[in-house]
Amino acid sequence: MSLKSKSGLRSGHLGVDKFRCEAPYLITKLESAEKTWKELSVKLADPDIVSNPSEYQRLAQSVAELDEVVSIYKEYKDCEKQLEESKALAGEDGNDEEMAAMISYEIESLSNQIKELEEKLKTKLLPTDPLDARNIMLEVRAGTGGDEAGIWAGDLVRMYEKYCERNNWKFNPVSSTEAERGGYKTYVMEIKGKRVYSKLKYESGVHRVQRVPHTETQGRVHTSTATVAIMPEADEVVIDPKDIELTTARSGGAGGQNVNKVETAVDLVHKPTGIRIFCSEERSQLQNKHRAFQLLRAKLYKIKLREQQELIRNQRKSQVGTGSRAEKIRTYNFKDNRVTDHRLKINYELTGFLGGDIDNAIQACTSLEQKELLEELAESVGAPAGFFMTVCLRTSEDGLKESHLDLSLRTTTQ
């Protein structure tokens with residue numbers, strides 16, 4: 001055999017061994033996924049399951065969630081088997097250099113294919129956020145900086161509206177309080193579309209601006225802030241009527257005589273948390289009441305979500321961030337036409353960014369989070385606990401059961 005073929009054999013075979021050696025947790029999870037997929041597929045043919053539409057639908061959804069990862073794993077194992085066979089052929093005695101070159105090419109090709117499949121499998125095994133598919137409430141609130149903070153909050157509102165337009169998402173104002181010199185003290189909009197939360201969840205936090213305000217007569221650069229909160233829709237949150245204090249008022253402004261003469265605006269206070277919501281955007285009291293409760297549910301859900309994220313942060317350090325308002329995520333520098341994302345340590349062009357071109361930053365946040373999760377999985381290799389996959393039924397607050405396939409890393413206590 002030629003030196004080239006032996007070299008190709010060595011590098012190709014080590015590629016597979018390296019994957020198995022450095023990431024046994026992935027192999028364990030993949031084998032568990034394949035086993036679970038087979039068991040669920042058998043259950044789908046059970047007459048008792050077939051005769052129960054809701055149970056059949058839950059199991060079918062769980063199988064569908066596993067289909068892709070199992071398919072890729074099967075392809076990976078096929079490539080691994082072919083690589084072993086090519087190795088055996090290369091190891092046989094022979095002086096056919098043309099055949100040796102063909103085998104060497106096959107080994108190299110299979111090795112590259114295996115590496116690509118490895119990366120796909122790593123990504124597919126990452127736990128998914130069950131909230132990613134939800135619509136959201138986006139709240140922008142003026143922070144420090146006086147009148148300029150309100151103006152800056154208005155700029156951010158327009159930036160997100162333009163981003164919605166780029167994604168063909170629908171957005172509607174829910175509640176707003178205008179600032180004296182322009183912009184907003186607070187502004188809440190509802191955004192509906194495909195996987196809205198999955199993209200905008202990284203926008204929560206403090207957005208800082210450095211520029212010469214229109215109100216500045218000396219030409220000095222001011223620093224102002226606005227906070228952004230991203231709240232996934234939360235229809236499952238149950239609110240006790242006893243906890244609500246609700247009053248009505250006249251809306252005023254555009255909308256005809258009705259809003260000025262009839263009390264269409266709703267002022268809602270949630271007594272346990274002190275959350276106050278004033279809605280006057282709609283033309284009827286019933287519509288404003290619906291909007292107010294919709295926003296309250298989102299805010300209460302956000303509080304519960306933040307508590308869960310605090311627990312997660314105590315277990316692992318998150319570079320991307322979890323949406324805390326106290327977390328400064330970006331600085332918008334007008335003098336240098338630059339946006340700096342402090343989580344990513346990456347700069348972007350300001351003009352395009354404020355025009356709604358923020359996809360690159362969002363994708364970078366997604367990639368960084370995936371990288372962190374992979375590192376977290378890798379750190380678990382040395383853990384003495386075993387790994388397994390479960391299919392569990394979670395009960396939501398409205399009493400309905402939903403099937404949830406948990407692909408996250410779990411440990412068994414000995």
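This note covers a helix pair, a sheet and one further helix in the predicted model.

1. Basis. The model is predicted: local features need pLDDT of at least 70, side-chain atom pairs count only at pLDDT 80 or more, and totals for chains, interfaces and linings use all residues. Numbering starts from 1 along each chain as its sequence is written, and side-chain values use heavy atoms, without hydrogens or water.

2. Helix pair. Helix 4 (residues 53-91) packs against helix 5 (residues 97-124) at about 155°, with axes 9 Å apart. Helices (H or I, at least four residues) and strands (E, at least two) are DSSP runs, numbered from the N terminus. Axes are lines fitted to C-alpha atoms, for helices over the stretch in contact; angles run from 0 to 180 degrees between N-to-C directions. Helix 4 and helix 5 are therefore roughly antiparallel (an angle over 145 degrees).

3. Handedness and contact. Helix 4 and helix 5 cross in the left-handed sense (the near helix is turned anticlockwise from the far one by less than a right angle). Their contact has 14 nonpolar, four polar and seven charged residues. Nonpolar means Ala, Val, Leu, Ile, Met, Phe, Trp, Tyr, Cys and Pro; charged means Asp, Glu, Lys and Arg; the others, Gly among them, are polar.

4. Eight strands form an open, mixed sheet in the order 2-3-1-5-4-9-10-11. Two strands pair if DSSP finds at least two bridges between them. Strand 2 (170-178) and strand 11 (346-349) are the edges; each has a single partner strand, so one side of each lacks a neighbour in the sheet. The twist averages 20° from one strand to the next.

5. Strand 5. Nine of the eleven residues of strand 5 (residues 222-232) are buried, so the strand is largely enclosed by the rest of the structure. Buried means under 20% relative accessible area (1.4 Å probe, protein chains only). Strand 1 (residues 136-142) runs antiparallel to strand 5, with seven bridges. Strand 4 (residues 205-211) also pairs with strand 5 in the antiparallel sense, over seven bridges. Thr227 of strand 5 stands opposite Arg141. Thr227 is also the bridge partner of Val206.

6. Strand 10 (residues 338-341) and strand 11 run antiparallel, joined by four bridges. Thr340 has Asn347 of strand 11 as its bridge partner.

7. Helix 6. The 20 residues of helix 6 (residues 147-166) should span 28 Å at 1.5 Å a residue; the end C-alpha atoms lie 29 Å apart, which agrees. The expected span is 1.5 Å times one less than the number of residues. Just after helix 6, Asn168 has a positive phi of about 60°.

Note on methods. Parallel < 35°, antiparallel > 145°, perpendicular 65-115°, else oblique. Buried < 20%, exposed > 50% of the residue type's maximum accessible area, 1.4 Å probe, protein only.
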